[in-house]
Amino acid sequence: MTETHTGTYEVVVVGGGAAGLSAALVLGRSRRRTLVVDAGEPRNTPAAHMQGYLTRDGMSPAEFLALGREEIARYGVDLVRDRAVDVTKDDGFAVALAGGETVHARRIVVATGLKDELPDVPGVAERFGRDVIHCPYCHGWEVRDQAFGVLATTPMSVHQALMVSQWSKDVTLFLHTVAESELSDDDLRRLAAAGVAVVPGEVAELIVEDDQLTGVRLAADTPSGEGATHPREAVFVAPRAVPQTGLLEKLGAELQETPFGAYPVVDPTGLTTVPGVWAVGNAMGFAEQVVNAASAGYRAGAMINGDLLMTDLDATVRA
């Protein structure tokens, strides 16, 4: 892995996860001078394994990223362990790093991802990525047929409870801070059809014994009774997604509100409303799994190479 770098590149990729490394791989193979700025904070760090990526199913996220860094190094891509704290337009773009350096690029790829804000319930953060999980496609097979709990954070948690019923027929939706009145008649009919039990009242904590989740304890004043405990082996939760769009906002990229936060407006290749700036992976959408993020990075890398090539040819023709 290359750790040394100088100040001028054709492309700077901000973010060293699946999306950023994939873009860098394509650009390196296209003989583009490329730098990856990696703060080393991947979203899937809590997970021991990643699933659903063909030929990489079950691989640890750390191993996946290590292999990716080795691959980009083969093609001369530089990587610096640092954080991009600012970006401004000059003849191209100037990217200021926390370590004090400023690097310059003709094109920028923003692959800064998002952060998960978890409900403030004792046990949730401590078990997240183990037996507290958020995505059935990522983890459902591994906990199949266990006793599931779904910790509601919004009325949309009904959808999560319905989805996870594909992996277990023992599912309980804990409404937590969601009032029963917020559930529609369609919600209630679908929950009943799926066999999902609905428990009103706030959750006080998750119960852990011998390093395993064993249950969900309700608060003392819940309708289910004082401190009622429900045995559960896995709990699904929907974290609040916080897109890391600071650099895009500094550049004036247009954002659009979604049920999962504000994300940049992009074309099918990830190009934002700022010419020369692409957003890929979870920086441009909530539902980008690792395999999707890698695909988005590939598309952006190929498009950027073509964009640079045509720009240079047109400049030659005009000269």
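**View 1. Lining of the second largest pocket.** The second largest pocket of this predicted model is lined by 25 residues, and those nearest its centre are His-134, Gln-160, Ala-238, Phe-260 and Phe-286. A pocket here is an open set of points on a 1 Å grid over the protein atoms alone, where a 1.4 Å probe fits and protein lies on both sides within 12 Å along at least five of seven lines, and lining residues have an atom within 4 Å of a point. The space in the second largest pocket is about 700 Å³, a volume being the space filled by probe spheres set on the points, which are joined across faces, edges and corners. At least two lining residues come from each of helix 4 (136–139), helix 5 (157–164) and strand 16 (240–243), and helix 5 gives the most, with four residues. Helices (H or I, at least four residues) and strands (E, at least two) are DSSP runs numbered from the N terminus. The lining divides into 13 nonpolar, nine polar and three charged residues, where Ala, Val, Leu, Ile, Met, Phe, Trp, Tyr, Cys and Pro count as nonpolar, Asp, Glu, Lys and Arg as charged, and the others, Gly among them, as polar.

Residues are numbered from 1 along each chain as its sequence is written. Local features need pLDDT of at least 70 and side-chain atom pairs count only at pLDDT 80 or more, while totals for chains, interfaces and linings use all residues, and side-chain values use heavy atoms, with hydrogens and water left out.

**View 2. Helix 5 beside helix 6.** Helix 5, which also contributes to the pocket lining, has an axis that comes within 10 Å of that of helix 6 (residues 185–194), and the two cross at roughly 20 degrees. Axes are lines fitted to C-alpha atoms, for helices over the stretch in contact, and angles run from 0 to 180 degrees between N-to-C directions. Helix 5 and helix 6 are therefore roughly parallel to each other, a term for angles under 35 degrees. Val-158, Ala-161 and Leu-162 of helix 5 meet Asp-187, Arg-190, Leu-191 and Ala-194 of helix 6, contact meaning heavy atoms within 4.5 Å. Five nonpolar, no polar and two charged residues form this contact.

**View 3. Helix 1 against helix 2.** Helix 1 (residues 18–29) packs on helix 2 (residues 61–74) at an angle of about 20 degrees, and their axes are 9 Å apart. Helix 1 is therefore roughly parallel to helix 2. Among the residues in contact are Leu-21 and Leu-25 of helix 1 and Phe-64 and Ile-72 of helix 2.

**View 4. Helix 1 against helix 8.** Helix 1 also packs with helix 8 (residues 290–318), at about 35 degrees and with the axes 7 Å apart. Their contact has eleven nonpolar, four polar and no charged residues.

How values were computed: Parallel < 35°, antiparallel > 145°, perpendicular 65-115°, else oblique.
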